[in-house]
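Try each one before you read its solution.

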Amino acid sequence: MIAQVKEQFHRLFGSEPLIVTSPGRINLIGEHTDYNEGFVLPAAIDKKIVYALALNGTDQCNSCALFSNETVSFSLHDIRPGGGWINYLKGVVYQLQQRGLTVRGFDCVIHGDIPIGAGMSSSAAVEGGLVVALDHLLGFGLNRMDMAKTGQLAEHTFPGVKCGIMDQFANLHGRRDSVMLLDCRSLEYRYFPFEFSREYKIVLVNSMVHHSLASSEYNVRRAQCEEGVKLLSAFLPGISSLRDVTAAQVRQYRDHLPGKIYDRCLYVTEENERVLRACEHLQRNELQQAGELMYASHDGLSRLYEVSCPELDFLAGFARQRTEVAGSRMMGGGFGGCTINLVKTDAVPSFTALVQSAYLERYGKTPEVYVTSIVDGARVEEGIAVAGA
Ligand code: GLA
């Protein structure tokens, strides 16, 4: 992919580009907890976006995406939301400017193999790759967390999804063969080795349902959680997010929470507790128990948080009946996309064949299956001399 992107860059722009790779992510457990200041357990994976990028000495940003065969330009002085993938680039440039940084015009070619709308954070990868490239070429000196926040704000202000920090964090902090426990309140994080990488594989099964409802319903869920905090604060003074509340407290005040708000709050508080318990199990090499928590997470996402869909329920339910699968659940924002499954390495081919034929029979389409490995976060692969350096 790098060679392809470089070749197209040479053809279109002639100069020598910087090459940046920027990964997608998985999340073992901790879904819809990040914007509630809770816990998540993501990792960067070997599906990625590749950038070839060089400064062009003008005020124009010209970008060609190989995946859509389209070249789009915008001026640094007039950046407005709009467009498809280019919207993410505009958002990043705009947010860098909002930080008081001087962005210069650039040419770039992008390509990628992260399936779009599959819950693997292709958008965070697009954002993170651009921040890393511009930071490198323009010497901004941003740290990785500031880069992640820039991507998150780009997402809020341009596509308009009020996302949490998980995707951008994972994209920029990934470490090979490690998952990361992130406290989305303090932004402290800890790596732990994914000890099971030989015995078990992380297998993603794509429902092939594009999560089109995701952005509008996502913002609705976020608002419902905030509403829950407001109502609960009458009884629990001083709370500022669902992070400050336990599942037991949500149950205790059930009568004061309208039905859906109760369900949303119960899910988030239970999920936070599950993430911490899953980490304890992982530390003790108890993958089966961690896997059980993934199934429980799926149930909560489906019944209480209502961000699943029949296809995802089918895939998680299918996995649950298979002894070679330790755990399975829908992953990411929901309403489509992938399930994440921990599958015994030697059973990956048979599991793949079985799940594909069962799904084909039921829904008339074959789900794509991705056997992933955990890699480093977004980084410069091939540098070029930095202007003025
Ligand atoms: C999307 C968002 C993340 C997170 C997940 C759900 O991927 O971008 O911030 O909220 O959904 O866990």
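Two exercises follow, each with a worked solution.

A quick note on conventions: this is a predicted model, where local features need pLDDT of at least 70, side-chain atom pairs count only at pLDDT 80 or more, and totals for chains, interfaces and linings use all residues. Numbering starts from 1 along each chain as its sequence is written, and side-chain values use heavy atoms, with hydrogens and water left out.

**Exercise 1.** Work out which protein atoms lie 2.6 Å from an oxygen atom of the ligand.

*Solution.* 
- Step 1: list the residues around the ligand, among them Arg 25, Glu 31, His 32, Asp 34 and Gly 333 (a heavy atom within 4 Å).
- Step 2: check the side chain of Glu 31, where an N or O atom sits 2.6 Å from a ligand oxygen.
- Step 3: turn to the backbone of His 32, which has an N or O atom 2.6 Å from a ligand oxygen.
- Step 4: look at Gly 333, whose polar backbone atom is 3.4 Å from an oxygen of the ligand.

**Exercise 2.** Find out why the ligand lies between domain 1 and domain 2.

*Solution.* 
- Step 1: take the contacts (heavy atoms within 4.5 Å), which pair 38 residues of domain 1 with 46 residues of domain 2.
- Step 2: both domains give residues to the shell around the ligand, so the ligand lies between them.

Note on methods
Polar contact = N/O pair within 3.5 Å; in protein donor to acceptor, adjacent residues only side chain to side chain. Domains from an automatic or database assignment.
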